[in-house]
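Hi,

Here is the structure I promised to pass on to you. Have a look at it first, and then read my notes below.

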Amino acid sequence: MKHLSQEPQEAIPVTVTFLEMLRPPSAYPRMPANKQLALLRARDMPLHYYRYLMDRVGRKWHWVAMLRLSDEELEAYLRAPGRDIRILYLEGAPVGFFDLHAQVPDFVDLAYFGMMSEAIGQGLGRWFLGAAIEAAWSYQPKRVVVQTCTLDHPAALPLYQKLGFSPIGQTASVIQPLSEAERAAAIFSA
């Protein structure tokens, strides 16, 4: 049996870009043809499933904040008013998700958006982001916001801009990656 490293990883400096959209797009990208796709809204999602999605979608990009939350903190996050989580299925298997936090009437935050590595490069990203934007605007906010950082997929920032988001600011930050043992504890917690 492999021993999991307890060693803390070296912190990674990142640049975070904040973006906003002030009006809904005039049209949304079409769903790709010849693929069996389903986009389902999750209700009362189990903590372990959210952690699974967060790990599988965000592992390569160092999405660690949600994995560091206790069960109580994650429960409060998932059950907060205005939380809207939708899961993308391809050929019956989950391959991505987005997580909206509606702070209406002021704004909707696209808190998380991403796909698992096996879904990237299949022509789904543009449509899937369009679906997230459409879901965000269904709350009729004044604006939709999102942030991305230099650790995210290199196509993330250009895709956000292509679909109508405009950068409104940047900041420097640091990501502290999870050790193997921390990741395992988060994913396999009860």
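**What I found**

Let's start with strand S4, which is mostly covered: nine of its 11 residues are buried. Keep in mind that this is a predicted model, so everything here is computed from it.

**The strands around S4**

Which strands pair with S4? On one side of the list there is strand S3 (residues 83–90), which runs antiparallel to S4 and is joined to S4 by eight bridges. If you want a spot to look at, find Tyr89, which stands opposite Pro94 in S4. S3 and S4 form a hairpin with two residues between the strands, and in that hairpin Glu91 takes a positive phi near 55°.

S4 also pairs with strand S5 (residues 107–115), again antiparallel and again through eight bridges. Here you can pick out His101, whose bridge partner in S5 is Asp109. The hairpin that joins S4 to S5 goes through three residues.

**Aromatic rings**

Next, the rings. A search of the whole structure turns up 10 aromatic pairs. One of them is Trp63 with Phe97: the ring centres are 6.4 Å apart and the planes sit at 80°, so this pair counts as edge-to-face. Trp63 is in the loop between H1 and H2, while Phe97 belongs to strand S4 (residues 93–103), so the pair links distant parts of the chain, 34 residues apart. Are these two buried or exposed? Both Trp63 and Phe97 are buried.

There is also a cluster to find: ring pairs link Phe98, Phe113, Trp127, Phe128, Tyr160 and Phe165.

**Salt bridges**

Now for the charged side chains. Side chains of opposite charge can pair when their charged atoms come close. In this model the count comes to 11 salt bridges.

How accessible are the partners? Asp55 counts as buried because its relative accessibility is 3%, and the cut-off for buried is under 20%. Arg56 is partly exposed, with a relative accessible area of 39%, and Arg59 is partly exposed as well, at 37%. These residues belong to a network of salt bridges that links Asp55, Arg56, Arg59 and Arg183.

Another salt bridge to look up is the one between Arg68 and Glu182, with the closest N and O atoms 4.0 Å apart. This pair links distant parts of the chain, 114 residues apart: Arg68 is in the loop between helix H1 (47–58) and helix H2 (71–78), and Glu182 is in helix H5 (residues 180–187). Arg68 is partly exposed, with a relative accessible area of 37%, and Glu182 is partly exposed with a relative accessible area of 37%.

That's what I have for you. Happy browsing!

Cheers

Technical notes: Residues numbered from 1 in each chain as written. Predicted model: local features only at pLDDT ≥ 70, side-chain atom pairs only at ≥ 80, totals over all residues. Heavy atoms only, no water. Salt bridge = Lys/Arg side-chain N within 4 Å of Asp/Glu carboxyl O. Buried < 20%, exposed > 50% of the residue type's maximum accessible area, 1.4 Å probe, protein only. Helix = DSSP H or I, 4+ residues; strand = E, 2+ residues; numbered from the N terminus. Phe/Tyr/Trp six-rings, centres within 6.5 Å; stacked < 30°, edge-to-face > 60°. Pairing = 2+ DSSP bridges.
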